[in-house]
Amino acid sequence: MTELDLSCVDAIIERIGTKPSDALPLLQAVQEQFGYLPPEAIERLAQTTECKLSGLWSVATFYDQFRLKPAGKHIVKVCIGTACHVKGASQIYEAFQRYLGIEPDEDTDAEKLFTVEKVACLGCCMLAPAVQIDDVIYGHLTGETVGPVLQDFLEQQKHTAAAPARARRGKGITGQARICLDSSCRAVGSDKVYDALKLAVVNLDVPVKVKSTSCPGMSFLAPLVEVVMSDGQIFRYGQAKPADAISIIRRHFQPVGISGRIRSHIGNLIDTLLDDRIGHGPIRYSLSIRDHSVDDYLNQQKQIATEHAAQIDPLDIAEYEANGGFEALRKCLTERTGDSVLAEIENAGLRGRGGGGYPTHLKWHAVQKASSRQKYIICNGDEGDPGAFMDRMLMESYPYRVLEGMVIAAWTVGANEGVLYIRSEYPLAIQRMTAAIETCTRRGYLGNAIFGTDYSLDLRVYAGAGAFVCGEETALIKSIEGKRPSPRLRPPYPTQSGLHQLPTLVNNVETYTLVPWLLHNGAEAFSGLGTSKSKGTKVFALAGKIRRGGLIEVPMGMTIRQIVDQIGGGIEHDNALKAVQIGGPSGGCVPASMVDTPIDYESLHTAGAIMGSGGMVVLDETDCMVDIARYFLEFTQAQSCGRCTFCRVGTKRMLEILERLCQGKGQSGDIEKLQELGHLIQNTSICGLGKTAPNPVLSTIEHFRDEYDAHIQGNCPAGKCRELIRYSITDDCIGCTICAQHCPADAIAMKPYEKHIIDQPSCIRCGTCKQVCPANAVEVK
Amino acid sequence: MITLTIDNKEIQAPEGSTILEAAQKEGIHIPTLCFAKDLKPSTSCMVCVVRVEGLKTLVPACGTRVAENMRVVTCNDEIQKARTAAIELLLSDHIGDCLGPCMVGCPAKMNIPLMIRQIAAGDFAAAIQTVKKDIPLPAILGRICSAPCEKVCRREQADAAVSICLLKRFVADMDLASSSPYRPHCAAPTGKKTAIVGAGPTGLSAAYYLKHAGIDCSVYDDHDHPGGSLRYADMDRNVLPFEIIEKEIAQIAALGIDFHGNIFVGKDVSMEELKSQYNAVLLATGTPEGDKIQANRPGYLTSERAVFAAGGCIGSRNLCIRRIADGKEAALSIQSFLLGGTIAPKPDYNHRVGKLQPAELAIFIEQTVDTVRQEPKTLNGLTLEQAQAEAARCLHCDCRKADNCRLRDLAAELDARQRTFQGEKKLFQQITEHEQILFEPGKCIQCGLCIQVAQNQGEDIGLSFQGRGFDEKIVVPLDKSFACGLTKAAEKCVKVCPTGALAMKK
């Protein structure tokens, strides 16, 4: 290996700083520079900064983001979030490994072109199973499409992106074509549709503004183009493609110039119509506002945190202001007292949306009354639950609302400095929040003398590095301080001793986001929504085996059934609902028999789940509950910081039992041992991760004990656990040989016009034959 | 000052102190494992959990600060179960034997690995002490013992067992040949007296250990000389010459033991007389012709108060070493009976790893020499060179901190079992690159106290956590060697380590 040029490390130190609290950004910058953390570079950091080698090493090896070995040229991140898991993520991961010929204990192919990693959640649950290759997201993968996806990616690399067309400026705008450019919409190509729309507008010379907007939340239709006419009428086009752009624009707008009309006229002759007659490619829908699925999806919702969804440009501050933005903040600073704001928050009954549901006013009050000249405010944007992407969407779509809520909170409690901690897997959220902070500072909503008062507040964005436990507030604070982020025992709570041992307010993104609406509309409007103890709305990421998924915001008290049936449109493929997993790895499964449970903190707790941060994954009859429990525990077990014995060793022992069960090697007494360990871990861990880690296991044992018993007998009733099932071909086989052609393990011999047979010892149970069989002649038992 | 209640007792504690500190000041025992005075609590092992009224979960006493009107319970069923489970979870992830299998296999539980290390180091005075702590007749046994210890020696798996019996004989012979053979320091006379019936291996062994505890002994035997089966049984005297028997028994007699030869108890003197003259009687009459005497182990009590029985007279005792062990154990029981204390002390906890994987065995073999076993066929015993060469073959597979391990102590205290929770077994590892210390990661409980100590001692590189969760490890950063990481703090790190993970090599 050639000797490293360490001068760039010195430049990084020069740029970032030398304090112990700079450890994480320093390491991130080094990794950015070299693609991994070379030992020489770490040593250089230890020599030239105040960070100790021991500390740097313990931090560098804690986070998933850091690599100690050089990676391949491109990184393939296979999402193993909940929604992806239930749609076969582990088969996708194996398919990549197989396709690239990567050895089992390696992660990079021989040519060092691709490194394949698992990632906790890409937050693109509606595209499940999804992968991200460098900055490009691919969705709806199958074992079959792994090759084409890699080829497509390499092909894309060769072409530089076409220069975006110049947008039409000036007067005479008669309408808008809106499209969301958030991460998950981009993942299905909304950015390309956006470019195509801009190009179409220029080419057709129509007075139309093409605008990127906050997310409509309708992931099931993404990319979604909304055409807004000057009279306010809206037309929606779901699952749009770049090629559709010109037809969409032409359908609604008349070109103004002569040349445009001519071009349009000629174009009309050769254009295909945008309708169902196009027989190939993905099914596309053209929708009007009256379309039932959209009506049902939206009408049940109440948008507070996501107010103006799909209407405003996330980073257009003027638009935010025009819609009442920063009005609540102005009133606070110029007309109200902190105590009156606190009282209003209390009367509204706002509770923390991060999972615990702690009354917000109590937290704010504790920081407010803490006697310290210096106080901090932190926004917890380390949303790491697999199957949850609410906070990402809020930060990407409503960055100003997040900031407004945060400034109000900071002012109320008397904090003058603060941090938005955002997980590194959310680059667009980091980018937009950073941009929003800059804009707000320029406009006087941040920085010195806000609204001409003597109040000042400095905020900065701090990127995490891939550790779920950092969502725990004491770990998050340690992470910001550059320490190894293992949670510490509370009390003292951060409200007394937080960042740098000073009083610190830590709230979740959604909590802050609700504040401007709450103050603008008053406590009564907020508390008018919801149940007696859970007020207002809750944002959920609705995903899994559901027809219409996406980001939804519903009033508290709505039942799970209403969400699944009315908003989600019921279960995919007309399968039967089995359970709804709420609260991710800290939550539990609410069985189908209990779907009339209303969404509020207490009811969900009683049902064995928790509100959590808002992941809601719908499971159907084909999902194995033991496998689901194993999946979640595998996640938490891998995310345990390792401090407490019960969490470190106990979750491992539980996981081993669950793995045994899924392999048909369960023993009698295993279920009781799971319960015993589960209760012990809940009862002894010092942080939320450990306290809640056993929940998915305990709740599935409670509601689906029969499935556990069946596994001990060696059966998987849902036909999911690979070691317990076998694929076979029925007499319906038409002898088309497609399964034999596609089998990656060569377990099916090609026999034209004859019934095919699967060689059981060779079969890897990847399910490809079942997916490709045109006669539905592959059965799983 | 803060007023709080611990176990229904109202106490005062300074503000900022922990529940553990407050309890310790009041003499309330809360077991701890990862806690070390003067270091920041790592609140990791969860052995010190207590219940604080009003809190949903148990909390670690070492890290929870006292608060006004706090009500703490330090011991109940729930707490006890959690503590035991914490230890059992740690044990489920613990790799290494507490004791060498040889020591476990030895009926007298002699600390064989220690003896071997002492031989290798040339410290024969210490070696004979180690031997005689458990075997009072080693020169004799060194010639006739069938050596169950060697049958379980881990080296047997690689080539051949260490010649433990010959080594013991070497130490004993050398001692007997010296001008002043080893004599244990006996406790001051307690005024208690015991009659021992039978001067065979069991009776002599009991006499040795009773005298050692300050209890006077009179040994009665129907033969004219002490030795029992050692002297009177039919055996090859080239193997066990009378000279050795004389010399070794003389060492026991020299402690001040009365021998009454040619006395047949029941005829020349009655049991009733013995019972009235002595505080206790031990029957060690050897293999009976008729019925065995009923006595229970490990107390060796008969149905009659103050009458104990051990050795061949209570059951089949084919191994001489077993008879000697009986004598020792009966002596302990008599000692507890006469001087107070429990008759059957709680047995130590012994972690056992079972059969080693080839890779694990290789680690041990690497630390030893590749020489051929000395077979005990020679009647002359070993030379000094041979003994030391044989000693160098020992794998040292026992834990160097078996006598100084908080995990082991707590496992015994909390009645923890090794196999309550079973799972993935990591491979045994041993890092030997440091001159003074050994690091065995499989015994580490990830408390991080050593990291703190290295930092406090001003180590430049020091130690660090690596990774997280179940795979978390203590390492020297950047894969550097322990020699680089611990240039001055090594000994202090060993001292603070609550388990055998960090240990001195010698």
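Me: Which residue with a positive phi follows helix α4(B)?
Reply: This is a predicted model. In it, α4(B) is followed by a residue whose phi is near 80 degrees. That value is positive, and the residue is G122(B).

Me: How many of the residues of α4(B) are buried?
Reply: Helix α4(B) runs over residues 112–120. A residue is buried if 20 or more other C-beta atoms lie within 10 Å of its own. I112(B), R117(B) and A120(B) are among those that pass. The helix is mostly covered, and the count is nine of nine.

Me: Which element gives the most to the side of chain B that touches chain A?
Reply: Here 36 residues of chain B are in contact with 31 residues of chain A. Elements of chain B that give two or more residues are α2 (77–92), α17 (449–456) and β12 (464–466). With six residues, the one that gives the most is α2(B).

Me: How many residues on the side of chain B that touches chain A are charged?
Reply: Sort the residues on that side by class.

Me: At what angle do helices α14(A) and α18(A) pack?
Reply: Take α14(A) as residues 327–335 and α18(A) as residues 399–413. Their axes lie 9 Å apart. The angle between them is about 15 degrees.

Me: Why are α14(A) and α18(A) described as they are, and what is the term?
Reply: The packing angle is about 15 degrees. Angles under 35 degrees fall into one class. The pair is therefore roughly parallel.

Me: How many charged residues are in the contact of α14(A) with α18(A)?
Reply: The helices cross in a left-handed sense. A328(A), L329(A), C332(A) and L333(A) in α14(A) meet E404(A), V407(A), I408(A) and W411(A) in α18(A). Seven of these residues are nonpolar and none is polar, which leaves a charged count of one.

Me: Which strands pair with β16(A) in the antiparallel sense?
Reply: Strand β16(A) covers residues 577–582, and six of its six residues are buried. Five bridges link β16(A) to a strand at residues 615–620. Four bridges link β16(A) to a strand at residues 588–591. Those partners are β18(A) and β17(A).

Me: Which residue in β17(A) is the bridge partner of Q581(A)?
Reply: Follow the bridges out of β16(A). A579(A) has L619(A) as its partner in β18(A). Q581(A) has its partner in β17(A), and that is C589(A).

Me: Which residue takes a positive phi in the hairpin of β16(A) and β17(A)?
Reply: This hairpin has five residues between its strands. One residue in the hairpin has a phi near 95 degrees. That residue is G583(A).

Me: Where does P491(A) lie, with its cis peptide bond from R490(A)?
Reply: Omega from R490(A) to P491(A) is near 0 degrees, and that bond is cis. A cis bond also joins P491(A) to P492(A), with omega about 0 degrees. P491(A) lies in the loop between α20 (473–480) and β13 (504–508) of chain A.

Me: Is D574(A) buried or exposed?
Reply: D574(A) lies in the loop between α23 (560–567) and β16 of chain A. Its phi is near 55 degrees, a positive value in a residue other than glycine. It has 8 other C-beta atoms within 10 Å. Exposed residues have 12 or fewer, so D574(A) is exposed.

Me: What is the phi of T737(A) near?
Reply: T737(A) sits in the loop between β19 (727–729) and α31 (738–742) of chain A. It counts as partly exposed because it has 16 C-beta neighbours inside 10 Å. Its phi is positive, near 70 degrees.

Me: How far apart are the C-alpha atoms of V119(A) and V78(A)?
Reply: V119(A) is in strand β2 (residues 114–119) of chain A. Its contacts beyond four places in sequence include V78(A) and E425(A). V78(A) is 41 residues away along the chain, yet the C-alpha separation is 5.8 Å.

Terms used: Residues numbered from 1 in each chain as written. Chains lettered and ligands numbered in written order. Predicted model: local features only at pLDDT ≥ 70, side-chain atom pairs only at ≥ 80, totals over all residues. Pairing = 2+ DSSP bridges. Axes fitted to C-alpha atoms, helices over the stretch in contact; angles between N-to-C directions. Parallel < 35°, antiparallel > 145°, perpendicular 65-115°, else oblique. Left-handed = near helix turned anticlockwise from the far one by under 90°. Contact = placed C-beta atoms within 7 Å. Nonpolar A, V, L, I, M, F, W, Y, C, P; charged D, E, K, R; others polar.
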